Amino acid sequence: MLAKDPYTAALHRLGHFQSALDRADTPEIRAELLIDRFFWQGEDHDAAQYAVDALDPASTTGRYLAARHAYSRLLFEHEVRPDDQAVVRVGYEAAAADPQLAGWGEFHLGVFADNILEDPIAAKAHFDRAAMDGNPLLQSYVVRHLSVHEPERALDHLRHSLYLRATLGYRPQTAAAMVALADALPEGDERQHLRAAALVTAQELQLSWLLGALS
């Protein structure tokens with residue numbers, strides 16, 4: 001999260017993207033919020049791309065945010081561009097080489113390797129490097145994805161991810177963690193309660209892909 005203003009950052013955590021956008025005070029923050037809104041709500045792809053295009057293409061932040069938006073296109077198969085994979089690789093590698101973004105860059109390279117390139121060996125190596133970063137939000141993402149690569153620890157990883165996100169107050173991410181944990185559990189009360197709680201958040205915040213996973 002790039003926003004430094006505490007109120008804007010809080011709105012972002014809560015999934016109130018439009019309210020956060022109304023307070024965005026830099027092009028980078030505006031771009032990040034629009035990218036996240038497209039990822040979670042499936043809205044305003046073109047506005048997000050316009051915001052990305054307005055950033056310095058030589059800057060690490062500009063390349064990183066361009067990569068995130070291109071990755072969303074690939075993941076959701078939405079207006080995929082011929083150069084999207086190249087944009088993703090260049091942007092995430094630039095982030096991985098930057099001291100401030102290294103952990104996130106390694107994590108995103110792992111997800112790219114897993115979900116797009118279908119290279120689980122490379123993905124696991126990136127996740128292991130990302131795990132050395134102490135950022136608790138990043139940790140919640142890393143252990144979520146390590147659950148696929150370490151099935152013997154999958155439930156522990158998924159619970160850890162959920163607890164971290166809930167403690168930090170990230171509502172969209174917490175709802176997604178609830179669904180991931182529920183999907184790994186057998187039928188029963190815990191699974192039903194997790195899916196019901198996630199549905200409340202997904203409906204309130206209009207989290208489109210999460211609503212699809214819950215339907």
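1. Helices α7 and α8 are roughly antiparallel to each other, a term used for angles over 145 degrees, while angles under 35 degrees count as roughly parallel, 65 to 115 as roughly perpendicular and the rest as oblique. Helix α7 covers residues 102-115 and helix α8 covers residues 120-130, and the two pack at an angle of about 160° with their axes 8 Å apart. The axes are lines fitted to C-alpha atoms, for helices over the stretch in contact, and the angles run from 0 to 180 degrees between N-to-C directions. Helices here are DSSP runs of H or I with at least four residues, strands are runs of E with at least two, and both are numbered from the N terminus.

2. On the basis of these notes: this is a predicted model, in which local features need pLDDT of at least 70 and side-chain atom pairs count only at pLDDT 80 or more, whereas totals for chains, interfaces and linings use all residues. Residues are numbered from 1 along each chain as its sequence is written, and side-chain values use heavy atoms, with hydrogens and water left out.

3. On the α7 side, the contact (heavy atoms within 4.5 Å) is made by Gly103, Glu106, Phe107, Leu109, Gly110, Val111, Ala113 and Asp114, and on the α8 side by Pro120, Ala122, Ala123, His126, Phe127, Arg129 and Ala130. By class, the residues of the contact of α7 with α8 are nine nonpolar, three polar and three charged, where Ala, Val, Leu, Ile, Met, Phe, Trp, Tyr, Cys and Pro count as nonpolar, Asp, Glu, Lys and Arg as charged, and the others, Gly among them, as polar.

4. Which residues does His145 touch, leaving aside its neighbours within four places in sequence? They are Phe107, Val111 and Phe127; Phe107 and Val111 belong to the α7 side of the helix contact described above, and Phe127 to the α8 side. His145 itself is in helix α9 and counts as buried because its relative accessibility is 16%, buried meaning under 20% relative accessible area, exposed over 50%, and partly exposed in between (1.4 Å probe, protein chains only).

5. The loop between α9 (136-149) and α10 (154-168) holds Glu150, and Pro151 lies in that loop too. Is each of them buried or exposed? Glu150 counts as buried, at 13% relative accessibility, whereas Pro151 counts as exposed, at 57%. Apart from neighbours within four places in sequence, Glu150 is in contact with Lys124 and His157. With Lys124 there is a side-chain to side-chain polar contact at 3.5 Å, that is, a pair of N or O atoms within 3.5 Å in which, within protein, one must be able to donate a hydrogen and the other to accept it, and for which residues adjacent in sequence count only if both atoms are side-chain atoms.

6. Helix α11 (residues 171-184) and helix α12 (residues 189-205) pack at an angle of about 150°, with their axes 8 Å apart, which makes α11 roughly antiparallel to α12. The crossing of α11 with α12 is left-handed. Among the residues that meet across it are Met178, Val179 and Leu181 in α11 and Leu194, Arg195 and Thr201 in α12. By class, the contact of α11 with α12 has ten nonpolar, one polar and six charged residues.

7. Helices α3 and α4 (residues 45-53) also pack at an angle of about 150°, with axes 8 Å apart, and are therefore roughly antiparallel. Ala31, Leu34, Ile35 and Phe38 of α3 make the contact with His45, Ala47, Ala48, Ala51 and Val52 of α4, which divides into eight nonpolar, one polar and no charged residues.

8. Finally, some backbone angles deserve a look. Most residues other than glycine have a negative phi. Glu79, in the loop between α5 (60-76) and α6 (84-96), has a positive phi of about 45° and is exposed at 52% relative accessibility. Glu118, in the loop between α7 and α8, has a positive phi near 55° and is exposed, with a relative accessible area of 66%.

Definitions and conventions
A crossing is left-handed if the near helix is turned anticlockwise from the far one by less than a right angle, and right-handed if clockwise.
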